[in-house]
2 protein chains.
Amino acid sequence: MAHNLTQKILAAHSTGPLPAAGEPIALRMDQALTQDATGTMAWLQFEALGVPRVKTDLAVSYVDHNTLQMGFRNPDDHRFLRTAAARFGAVFSPAGTGICHQLHLENFAKPGATLIGSDSHTPTAGGIGSFAMGAGGLSVALAMAGQPYVIPMPKVVRVTLTGSLQGWASAKDIILHLLGLLSVKGGVGKVFEYAGPGVATLTVPERATITNMGAELGATTSLFPSDEQARQFLAAQGRAGDWQALAADEGAAYDEEVTIDLNALQPLAAAPHMPDNVVTVASLAGLGVDQVAIGSCTNSSYADLAQAAAVMQGGQVAARVDASVNPGSKQVLAMLAQDGGLVTLLQSGMRVLECACGACIGMGASPVSQGVSVRTFNRNFEGRSGTKDANVYLVSPLTAAQVARQGQFTDPAGWGTPPAKVSLPATPPSIRHLFHFPSQEGSGVEITRGPNIVALEMFAPLGQTVEAKVVITLGDNITTDHIMPAGAEITALRSNLPAISEHVFGRVDAGFVARARAAGVGVIVAGENYGQGSSREHAALAPRHLGVRVVLAKSLARIHRANLVNFGIIPFTFVYAADYAKVAEGAMVKVNAQALVPGGEMLVEVQGAGQIAVKNDLSPDEWAVIRAGGFLNHVKTML
Amino acid sequence: MAHNLTQKILAAHSTGPLPAAGEPIALRMDQALTQDATGTMAWLQFEALGVPRVKTDLAVSYVDHNTLQMGFRNPDDHRFLRTAAARFGAVFSPAGTGICHQLHLENFAKPGATLIGSDSHTPTAGGIGSFAMGAGGLSVALAMAGQPYVIPMPKVVRVTLTGSLQGWASAKDIILHLLGLLSVKGGVGKVFEYAGPGVATLTVPERATITNMGAELGATTSLFPSDEQARQFLAAQGRAGDWQALAADEGAAYDEEVTIDLNALQPLAAAPHMPDNVVTVASLAGLGVDQVAIGSCTNSSYADLAQAAAVMQGGQVAARVDASVNPGSKQVLAMLAQDGGLVTLLQSGMRVLECACGACIGMGASPVSQGVSVRTFNRNFEGRSGTKDANVYLVSPLTAAQVARQGQFTDPAGWGTPPAKVSLPATPPSIRHLFHFPSQEGSGVEITRGPNIVALEMFAPLGQTVEAKVVITLGDNITTDHIMPAGAEITALRSNLPAISEHVFGRVDAGFVARARAAGVGVIVAGENYGQGSSREHAALAPRHLGVRVVLAKSLARIHRANLVNFGIIPFTFVYAADYAKVAEGAMVKVNAQALVPGGEMLVEVQGAGQIAVKNDLSPDEWAVIRAGGFLNHVKTML
């Protein structure tokens, strides 16, 4: 029988036969990655599991988020991660080496391999045919401990690309187009598999831009076939041996189909404040711009930056614009130094910042008050930039460079001839020696902890009845940035749960923490797509610390739902969406936990609204996890 | 009569004949510079003076301190500075272009010109023969408004250099040697004028390292002659026309003399926590190192970084070390990109950060807890790194690179052959076009203010009697970092006096602010050299906001004393140092202001200690300023 690419890779990694869509499938993970913002907790959890050595073929611990190191907390965390990697057998990538997804693509990602990462943009590696998923830190820790990773069997969407990109359209515009078409919840429970004649026209970094931002669709992952483009990319990286041809079988079946005519695409932008709020760049002509930022795991490859440099050649950043570049890796920056692109960028007035996530994760480069900021990133959630009233637009590097020169959006029809497509040099400078590869034996390595690294909190099991107060009611598309804000000051507390919990919902509701504490046991009520965005498990862990035991929403984002389970919070959805309006903040909710059936429906008692029908999509195992009070409690009996 | 170089330049800029040492001399300022951390306040003050246009030949507003832009405050300040510069006729240097002193040396500093800057390391320009002084922002604003700058006529120390640097010794070791010899208060009231056969062996960037860190001696400024080295440097920068020969006359007289035999110098380090706590690098052999940081206005020139790259060539940063480089300017970084040095640094594992002050001013790169940090900076005050219990050593770039490779201090005797001396290329890439040069006419420019920019506070005049409580008693060598800490979070509040005042003495005495507020009117009591360090006027302004009207110390640092006067605080010193011990915290102090004679002594009533003799070195004008409540009150009647 003909298989699509997803089916092929999942079949090769499943502990059983492929189930129907939506049913759980347990997958063997070949590779794992962590980054520092989620990784400190993930490695504390791995340590708590008591497994002496990482069991995946490869695990890499990257430091790319909190690289500013404001005070002792971040550098202490980095030292903890370095020593934990040496102890447990992971590769360590020090701060400033680059952004995890760009580095992983260059150095480790393999066609056909499964990858789990404690970062929502882990699907970047799908650009080279790796089946790569973002997950909470605990899920990654469990995978590194050798446990299979369980997901609902995804539906597979075939995205057929025809034609080739023309003029100033670029890979970013393909994924922005898809986001405009399908919305930020259009990919939930799905894999986007790219196919068709347009695929061969896209380089691996272009493909990675698309799979990276597939995360914004809410997708499980996105996947390109492994072909001649993939072979060339791996060969240039000195990894020809990691290549294998991989494609869907002729005549394979798909759950859904989308076709995109690349010839017809034009430069697009995601307008404030959602990545699916997509408009043409032409429609924004005349809008003045205060800031331009080029970089992030979406668009910080050599080709991205070299093309931006080509646009800046002979020109200069407009006086009103503060423009910066964060290269994706030291290899990228070294290539730009060697080909003259860096000098062009410097002489154009671009600021050259560290090879790191930078402004995308709120590490500086906030816009001016009420400013218009144009970024090549993947998220433009309100306030994520660090400036609450700023307006962030997401665009390609080509568009960003044009806007930087002109100080405003203009119609691409007037931009003249676009720069030539950029390929990797035949032998890019290698930076592989900068990774700390672990010794065969790590048991003698002492793990160094700073005073900010607080021991893990073990939570109480669930009682037979949950009586809880509604501590907040929220609308649709609440992101993990709303729940647990990032930025240098708050993210520095990621290994200190009591301290970071003081900031839960801090940017949207200053009274939340006090209310949750007063309630003792709490319920969060939300609309559609609750918990979209990053994989940060602190968006579940910190509310749990504050007593939240139930989330009741119209729908839930995949990674966040898994994080709720991992920390013992019941993820309910409404059977009837209209009931959402009946639940008021402050109402008491009573859940008879003994009556809960995994995958079933039940009635809960809501003060002022009577009985309301709720459902869960928990597996029996997941329900056991919640009853135990969370995965750490549960799993210690399993390993 | 034979004149030394100081006398020549001062005579050419004095409004009268040269007075005796210690007597006030009013000097015409040719150039002025501000940086963003002190500059927002300085430009608000300039605006308040009501002068439509800068009256110095040149004024440059640099953004180099708060370049991280965590939240809207910094970018709003930068926009304010950009628009204020355009309005008032200053050159504007955007964030990321480089560090003010490096950029000023490359682009604007002139032999024989006077320069006033709102940064204590303004004497860097003395490396090319400019008479350059650090001052509080208000003093700079007044100079830009055309007022002469009044200083006590300095004593002049002739520093005779013989021989030439050998082996791994470098310019940094010359100034460290002098600091070890003379201490951080050894230069108060003095100009250090370099002379002798060793001068010709030093390039302008090497000289600038020495004059820069002359600030740590407490000196008024430091000065090199303008000779063939200066001519070559200016010619390479396309500024041959700015050169003129300048040297002391044969047989000129000096107040003091010091001779340094360059042949005998070896690599030195300033050990924690003072720049004058100087030891040999050899004596530190075996001390493990956690962090290395190369950069700052002291040592971020092309030669500094190219030599560091040469040391790293073929080697790698040790696993335990977090090592970073902040280039001094985009010109420096562009040269490193062109000569291959940047790729060497990247491939050695060095982190490449922005062309900015960076960690030196507390913008990230804090060391690990209890860490040993080795820095090419100019200050190692306790806590300044952002990690309270870190130990910071100040060294040359050559030493820093060696330490980075080895992960510990080692004896320079084992370092082999040092890299060759590095000269500027004949035609370095120019970045002059990145400055925003003002139009002839700026009255139409609208100055843009963010919500963090709070209007200036006008203070009340001094009463006939001051009754005040001692709100803190302090030891010797209290720095402006102790008084008004820096770091990204606090420095972001520099244009918001009420907000930043909450942090006064925050790192040494958490109860200070509440005590000062409760006291209403306060006295600060301190030991020797109170207020050493940076030029930040917030170290006077914020205590004044909290009610401080008197400082009583054994001795006062020059710039801080001027800042106290500018904001209406009486700077008393003890006539008898032994009285210091008699004044207790909480004691009431009564000063009969009507009885104060400028430059005289008087008795003040101290609760529990009786009458204590104090003196002041105020000029009659300065006393008028204090009585008026500060310079802004006073000067509005003068202009």
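In which loop of chain A is A:His273 found? A:His273 lies in the loop between strand E12 (268-270) and strand E13 (278-280) of chain A, where strands (E, at least two residues) and helices (H or I, at least four) are DSSP runs numbered from the N terminus. This is a predicted model, in which local features need pLDDT of at least 70, side-chain atom pairs count only at pLDDT 80 or more, and totals for chains, interfaces and linings use all residues. Residues are numbered from 1 along each chain as its sequence is written, chains are lettered from A and ligands numbered from 1 in the order in which they are written, and side-chain values use heavy atoms, with hydrogens and water left out.

**Domains of chain A**
- Chain A is divided into domain 1 (5-264), domain 2 (268-411) and domain 3 (465-638), with bounds from an automatic or database domain assignment.
- The centres of domain 1 and domain 3 of chain A, taken over C-alpha atoms, are 27 Å apart.
- Domain 1 of chain A brings 32 residues to this contact and domain 3 of chain A brings 27 residues; contact means heavy atoms within 4.5 Å.
- About 2,400 Å² is buried between domain 1 and domain 3 of chain A, and carbon and sulfur atoms give 59% of that area. Buried area is the accessible area (1.4 Å probe) that two parts lose on being put together, summed over both.
- Ten residue pairs, both at pLDDT 80 or more, are in polar contact across the interface of domain 1 and domain 3 of chain A. A polar contact is a pair of N or O atoms within 3.5 Å; within protein, one must be able to donate a hydrogen and the other to accept it, and residues adjacent in sequence count only if both atoms are side-chain atoms.
- On the side of domain 1 of chain A that touches domain 3 of chain A, H2(A) gives the most, with eight residues.

**Chain B against chain A**
- In this pairing, 50 residues of chain B are in contact with 52 residues of chain A.
- The area buried between chain B and chain A is about 4,000 Å², with 54% from carbon and sulfur atoms.
- B:Leu346, B:Gln347 and B:Arg351 supply 15% of the area that chain B buries against chain A, more than any other three residues.
- Two salt bridges are counted between chain B and chain A.
- A:Glu354 and B:Arg351 meet through their side chains in a salt bridge (2.7 Å, N to O).
- There are 28 residue pairs in polar contact across the interface of chain B and chain A.

**Symmetry**
- Chain B superposes on chain A by a rotation of 180° with 0.0 Å of shift along its axis (RMSD 0.0 Å), using least squares on the C-alpha atoms of residues with pLDDT of at least 70 in both.
- The two copies are therefore related as by a two-fold rotation axis.
- B:Ala337 comes closest to the rotation axis of the residues of chain B, at 2.4 Å (C-alpha).
- The copies meet through the same surface, because 100% of the interface residues of chain B are also interface residues in chain A.

**Backbone features**
- Most residues other than glycine have a negative phi, and most peptide bonds are trans.
- The peptide bond from A:Pro272 to A:His273 is cis, with omega near 0°.
- B:Pro272 and B:His273 are also joined by a cis peptide bond, with omega about -5°.
- A:Ser183 has a positive phi, near 80°, and sits in the loop between helix H6 (171-182) and strand E9 (190-195) of chain A.

How values were computed: Salt bridge = Lys/Arg side-chain N within 4 Å of Asp/Glu carboxyl O.
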